[in-house]
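Have a look at the sequence and the structure first.

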Amino acid sequence: MNNRNAKSSGSQPEPRRCAVYTRKSTSMGLEQEFNSLDAQREACEQYISNRAHDGWQLVSERYDDGGFTGANIARPAFQKLLDHIDAGKVDVVVVYKVDRLSRSLLDFAKVMDHFSQKGVALVSITQNFSTADAMGRLTLNMLMSFAEFEREMIAERTRDKIAAARRKGKWTGGQVPLGYDVEDKKLVVNEVEAALVEQIFELYERYQSALAVAKQLNALGHLTKQATSKNSKNSGGKPWNKNAVLRVLKNGVYAGFMPYGDELHDGEHVAIIDKQRFTRIGKSLEQNQKCGRRYGNNPDYLLRGILRCGTCDCAMTPSSTRKKGMVYRYYRCINRDKRNNKQCDTSSIPAGAIEDFVVERIRNAAIDGALARQVAESLKTRVETKRKQLNDDRTKLPRRIAKLSDEARQLVDKLANTEGATAKLVEDRINQVSEALNQAESRLQQVEQAIHELAGVELEGKWLAESTANFNVVWEAMTPMNRVRLITILVKSVVIDEKTDTVTVEMTDLLNTDESDDTENGDVSTVNQHRGAVMEAMV
């Protein structure tokens, strides 16, 4: 016994190099002479000093992360600690509490696995455990589960608080939108920037293209809103692009709303754009998006869907080929493509030539302004007719709903005093009246929606009228998608007949809802002048 004790007392414990890691989630208070990080380190150093008889030795390197969240491990001091562990410079990591290391159970499990592979122990001085034994590891996992639960609860409470504030129309922070400044945690209008916001909405109503608006803003020397973060990082102050314009056009803040997810709530701030205008442009954006899906990813083919083969009366589909770095676009007869040239012998038509031919026909029609007047007159007539019909329905439907509701109440009262076969007849009539009442109420909702959407129809017609009135100027500035839209509205069909050397351009009769024929004929040789280059490229 005495020999064993003498041997134990005479042996020296193996040195254990101990690194202290400290962390604070926010930078608040770190400027103080003695802050939270200092307090954590002092307690850990005292703990290491008390274990000096076990060979514990404090390493001089400091690992302090001030102002970094524990939700992830992307922290400079922590990454330095991991590097030193990999280099074999640390044997024990000492922390004040486990959640100083990480609040994420998944991250913590990965870190502990890394520690285990490197033979490094973790000690929490306030929770009195060590990963050196099984009980300590069990306790550690339990503590980490509660730490992650606490973090998720804090995040959930924060989200709920933000949601409640937004639903009350309050500004809860984030990137301040163009046109506003923040004073006393509220949005106030910046008059200079608000004028630019109004200009963006006006330009979109004119061009119906976010890309065209961006080009106009850049040409005028405007830049996006510049902001400085709490970390003194500057953002914004850049040229406009399509996405930046769309963010403005889709932001409900400008119409006096406070967005939260897909919801829009009345805000406390002053609107820059009226709600009707915001709704109109929103529907226009949605329509343009549908138009983009309709015409696919390549809107460069202006006659997609309206060009037909005069030989077999089949559609002609866009196609292209590449030779020596050059792309040659053309249209091919679907009948010939799917079957063979015995079914149709129409050759491939150069896209540029036939498109130029059709555009020239429209340009000629728009020279004297007659086409623009026709568009404006057609729009006015159709909108007035539609509005009168809808207003008549809106006047009649409430009376019908009231009459049906009154009949339904009488039938229910009658059913209470009726038995047998008569009761069955009354029940059948109640079902019929209920169905008619549902249909009338549904129709009234549809009418209200249609009346509301007429403003969008008028906006589309205004764009069409302005496009035709200034066709030469507007055409050059149009995006490919808007060119397709304009062609599709103005041109009903284009038929190319190779055998008779004719191209028939059938214009839409905007004054007649039956769209009677109005044709323009041309010599097919104009279209054929580039066919040689296409055929050569196909070889």
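Leaving aside its neighbours within four places in sequence, which residues is Thr 224 in contact with? Before we get there, keep in mind that this is a predicted model. Now for the contacts: Thr 224 meets Gly 236, Gly 237, Lys 238, Pro 239, Trp 240 and Ala 244, once the neighbours within four places in sequence are set aside. You'll find Thr 224 in the loop between α7 (210-219) and β9 (227-228). Is it buried or exposed? Thr 224 is buried, because its relative accessible area is 18% and the cut-off for buried is under 20%.

Next up is Leu 187, which sits in strand β8 (residues 186-189). Leu 187 has a relative accessibility of 8%, so it counts as buried too. What does it touch? Skipping neighbours within four places in sequence, Leu 187 is in contact with Trp 171, Val 176, Pro 177, Tyr 180, Asp 181, Val 182, Val 253, Met 258 and His 269. Take Pro 177 from that list: it is 10 residues away from Leu 187 along the chain, and the two C-alpha atoms are separated by 9.2 Å.

Let's finish inside the protein. In soluble globular proteins, nonpolar side chains tend to be buried together. In this model, the largest nonpolar core has 36 residues, and the ones with the most contacts inside it are Leu 303, Ile 362, Ile 487, Val 491 and Val 494. Which helix gives this core its largest share? That would be α11 (residues 351-366), with 7 residues. Zoom in on Ile 487: not counting residues up to four places away in sequence, Ile 487 touches Leu 302, Leu 303, Ile 306, Val 359, Ile 362 and Trp 475. Apart from this core lies another one, of 31 residues, including Ala 210, Val 248, Phe 257 and Ile 272.

Terms used:
Residues numbered from 1 in each chain as written. Predicted model: local features only at pLDDT ≥ 70, side-chain atom pairs only at ≥ 80, totals over all residues. Heavy atoms only, no water. Helix = DSSP H or I, 4+ residues; strand = E, 2+ residues; numbered from the N terminus. Buried < 20%, exposed > 50% of the residue type's maximum accessible area, 1.4 Å probe, protein only. Contact = heavy atoms within 4.5 Å. Core = buried A, V, L, I, M, F, W, Y, C linked by side-chain atoms within 4.5 Å.
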